[in-house]
Every structure is written in structure tokens, then in C-alpha cells.
Amino acid sequence: FFCSQAIKVLDFALLACPPNCQIFVEKLGLKFLFSIFMKKARPSHQKKRNKAQERRDEEHAVSIINSLCRGCSGVATARVLNKFMENQCEKLERLLELHDAYQAQIDAFFARREEEKRDEDDELTKQLEIDEEERKYLDACDHGLFTLQQIDSVIVRLANMGNALVTKRLVDLLNMRSIDTRQIHKVVTDFTEHMDEKAATERARLLHLLKRFEEIYDAGGVVVAEEEESMEEDTDEEEEEREREKEEREKEKEEKERERRLRSEKNRRDRDDDRDRHKRRRRDD
């Protein structure tokens, strides 16, 4: 129970928070995380447990790994990569095993959905004003699509993290398991299309990594040189986001300065009042 609660909290704590990702790795959290990822976290007397809870733990573990691949840098990144290199890259095999499992689950969901006859006058759809495509996407997320998106994002990020051994082994395993990279492309592209407008930079970054992943795969796992027009060049969205952040910082700074002045003025008035009261008491005495 406590293990499940802990990994759930960690998932939310590390989401889009690079400082927390760095701290998690520095505090030796990878062993705990990957023991759950590899289903080695619990003693034998706890093996007979709720499969739904196991699946939730698995989903949180995948989400955390994606956060680490996205948010870690320097030594922390190297330590994450080292985990995937252990025991002849068994964790890469596990990752692709999960890809196959969740892809099959999503394919089965869409197949069932096509066979079902849905009532066009569904009350919930009317109330929420959700169109059919949006409802289809949300239902798919409830049936494992979100976790598949996290898995495929990890695959794409690992291929771009600069470790030749991990990249080559990943591509070899993709070929051995006959995984169609067009599936990965579709899943990741669909994921970016449903990102919030505030995540424009992350969307562009992930699409760039996806393009690089496809180039690496076509090259047989060899990391190809970056093109001159790289993601390091500022996009219009990035520039606008930086401007917004700058304006927000300026507003926050002005607000803090105003609060400081108000506190200073209040303290000055309080001191004056204390001084007046003290003078009055002396006159009364």
C-alpha cells in the first residue's frame, strides 16, 4: 500500500520539474523506481495483489521515467542511462514489452469501439459538448493510451540521449520485436497535438526528437549528425513564451516591491503610534 502511494506522489512531484528530478536521482531513487518498473519491488508474500493496482504502479513508473528522461541533466542523465544498460539492457526489453502490451490494448479498444453502436443522443456528450473525436481520444486515454504515449516518449528520448550503446540496442530490439516505428510516430504525434498551448516549447522539442529518432532508426542505430537548422534556434513560440515569462517576472517584482513599501509604511506608522503612546504615558505620569 505504502509503496503504491509513494510512487503516485513521486509521479506528480517529478512531473515537469527538473530540480525535483535531479534531487530524486541524487537521493538514490532509481533503484526503487526500476524495481517497480521491472516488477521486483515486493516480497513473495505480496505477489498475490490487485492486478489493477499493479497496472497503476506500472503506469506511474513509466510516467516517472519519462519525467527523468526529460528533466535530468549532466550526471543524473548518465545515471538514468546506466540503469538501462544494466544486465544486457533488460530494461529496454521491458520497455518494448510494455509498448507491445499497451499497443495491443489500444488496438483492441478501438476494435471494440467500432463494433459498438453508440447512441448519438448521449446525454453526457451533450452536456459536456464533447465532439466524437474528442470523446474517442479521452476514452482511449482511459484505456491505456496515455501510458502508451509516455512509453513511446521514453523510447524517443532514450534514442536521443547520446549513448551509442543504448541507442544501438534499442534499435536492434525494435527490429527483433518487429515494432513498426510508424506506430510510435503516430502515438507521439497525437500526444503533441493534444498538448496545451502553454507547452508549445515542449511540443516543438518532442517533435524534433521524434524526427531525430526516425533518422537514427533509418541509419540502423547510428547517431546521425544534427542538421544546421536545429532546435537550438529560437522559434516564434519560444520567443513569445520568453516574453510572457519576462513580463510575469516584472509584474511579480513590482508586486513584491509594492508589498515591501506597504509593509515599510505600516511599520513606520506603528513606530510613530508607539512613540506617541509612550509620550502620552509620560505626560500622564
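Start by selecting F34: this residue is buried, with a relative accessible area of 3%. You are looking at a predicted model.

**Across to helix α5**

Now colour the helices. F34 belongs to helix α3, whereas F84 belongs to helix α5, residues 75–115. The pair therefore ties together parts that lie 50 residues apart in sequence.

**Along helix α3**

Go back to F34 and select F37. Both residues sit in helix α3, which covers residues 30–37. They are 3 residues apart, so about one helical turn separates them. F37 is buried as well, with a relative accessible area of 1%.

How many aromatic pairs does the model hold? The count comes to 3. One of them is F34 with F37, again edge-to-face. Here the distance is 5.9 Å centre to centre, and the planes make an angle of 85 degrees.

**The cluster**

Show F34, F37 and F84 together. These residues form one aromatic cluster.

**A charge over a ring**

Last stop: which residue has its charged end over the ring of F37? Select R94. The charged end of R94 sits 6.0 Å from the centre of the F37 ring.

Notes
Residues numbered from 1 in each chain as written. Predicted model: local features only at pLDDT ≥ 70, side-chain atom pairs only at ≥ 80, totals over all residues. Heavy atoms only, no water. Phe/Tyr/Trp six-rings, centres within 6.5 Å; stacked < 30°, edge-to-face > 60°. Helix = DSSP H or I, 4+ residues; strand = E, 2+ residues; numbered from the N terminus. Buried < 20%, exposed > 50% of the residue type's maximum accessible area, 1.4 Å probe, protein only. Lys NZ or Arg CZ within 6 Å of the ring centre and 35° of its normal.
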